[in-house]
Amino acid sequence: MPDLFAYTDGACSGNPGPGGWGVLLIAKNADKVLREKELCGGEQETTNNRMELMAAISALENLSRPSTLTIITDSVYVKNGVTQWVHGWKRNGWKTASKKPVKNEELWKRIDEAQARHQVTWKWIKGHAGHEENERADELARRGMAPFKK
């Protein structure tokens, strides 16, 4: 069984403004790449955090069957949200510790549901630091944003 990796990124021109998300899915056997798939999309009026979430959601929702995968993101917001904060939010009826509504609640619910059918390991890497796959995910996010920029 090959190892599956999803490199995700979001981009926004203005925050809020036109935005895009990108995903590079890679299936590897040892260090040999077996398959790659690129995904991207965007929205007219959005935020960077929403696009980071959409990239991860798209990676998970694109898998046709339950899978074991590693999602690599340069978003601390996504990684910490999905591995730590979401558990408290659910317990608190989708309220933060300070009793305020969770921002982007519908996307957090969507990512929580999407990852439930998979075995996901979440990893954070520093963005714009020369990681080839992360740079490709960034290019895909910019491609997804392009149709919405004026």
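A residue counts as exposed when its relative accessible area is over 50%, as buried when that area is under 20%, and as partly exposed in between. The structure discussed here is a predicted model. Because Lys 99 has a relative accessibility of 61%, this residue counts as exposed. Lys 99 lies in the loop between H2 and H3, and its phi is near 65°, a positive value in a residue other than glycine.

Setting aside residues up to four places away in sequence, Lys 100 touches Trp 94 and Lys 95. Between Lys 100 and Arg 117 there are 29 Å in space from C-alpha to C-alpha, for a separation of 17 residues in sequence.

A positive phi is also found in His 128, where the angle is near 55° and the residue is again not glycine. His 128 belongs to the loop between S5 and helix H4 (132-145). With a relative accessible area of 54%, His 128 is exposed.

Not counting residues up to four places away in sequence, Pro 16 touches Glu 45, Thr 46 and Thr 47. Pro 16 and Arg 50 are 34 residues apart along the chain, and their C-alpha atoms are separated by 9.8 Å. Gly 14 is found in the loop between S1 and S2 too. Gly 14 is partly exposed, its relative accessible area being 43%. The C-alpha atoms of Gly 14 and Ala 56 are separated by 21 Å, and these two residues are 42 apart along the chain.

The largest nonpolar core has 31 residues, of which Val 23, Leu 60, Leu 69, Trp 108, Ile 111 and Trp 122 touch the most other members. Two or more residues of this core come from each of strand S1 (3-12), strand S2 (17-29), helix H1 (48-61), strand S4 (68-73), helix H2 (76-91), helix H3 (105-116) and strand S5 (119-124). H1 gives the largest share, 8 residues.

Which residues are in contact with Val 23, leaving aside its neighbours within four places in sequence? They are Ala 6, Tyr 7, Thr 8, Lys 37, Glu 38, Leu 39, Ala 55, Ser 58, Ala 59 and Leu 140. A second, separate core comprises 8 residues, including Tyr 7, Leu 24, Ile 26 and Ile 125.

Ala 114 is found in helix H3 and touches Leu 60 and Glu 61, not counting residues up to four places away in sequence. Is Ala 114 buried or exposed? Its relative accessibility is 9%, so Ala 114 counts as buried. Ala 114 and Thr 46 are 68 residues apart along the chain, with 21 Å between their C-alpha atoms.

The structure also has open space. Rolling a probe the size of a water molecule over the atoms shows where empty space is left. The volume of the largest pocket is about 590 Å³. Its lining consists of 23 residues, and those closest to the pocket centre are Leu 4, Ala 27, Leu 63, Arg 65 and Ser 67. S1, S2, strand S3 (32-46), S4 and S5 are the elements that give two or more residues to this lining. By type, the lining residues divide into 11 nonpolar, 7 polar and 5 charged.

The cysteines remain to be considered. How many disulfides does the structure hold? The number is 0. Cys 12 is in no disulfide, and the nearest cysteine sulfur, which belongs to Cys 40, is 15 Å away. A disulfide requires a pair of cysteine sulfur atoms within 2.5 Å. Cys 40 is likewise in no disulfide, the nearest cysteine sulfur being that of Cys 12. Cys 40 is partly exposed, with a relative accessible area of 33%.

Note on methods:
Residues numbered from 1 in each chain as written. Predicted model: local features only at pLDDT ≥ 70, side-chain atom pairs only at ≥ 80, totals over all residues. Heavy atoms only, no water. Buried < 20%, exposed > 50% of the residue type's maximum accessible area, 1.4 Å probe, protein only. Core = buried A, V, L, I, M, F, W, Y, C linked by side-chain atoms within 4.5 Å. Helix = DSSP H or I, 4+ residues; strand = E, 2+ residues; numbered from the N terminus. Contact = heavy atoms within 4.5 Å. 1 Å grid on protein atoms, 1.4 Å probe; cavity = no way out; pocket = protein on both sides within 12 Å on 5 of 7 lines; lining within 4 Å. Points joined across faces, edges and corners; volume = space filled by probe spheres on them. Nonpolar A, V, L, I, M, F, W, Y, C, P; charged D, E, K, R; others polar.
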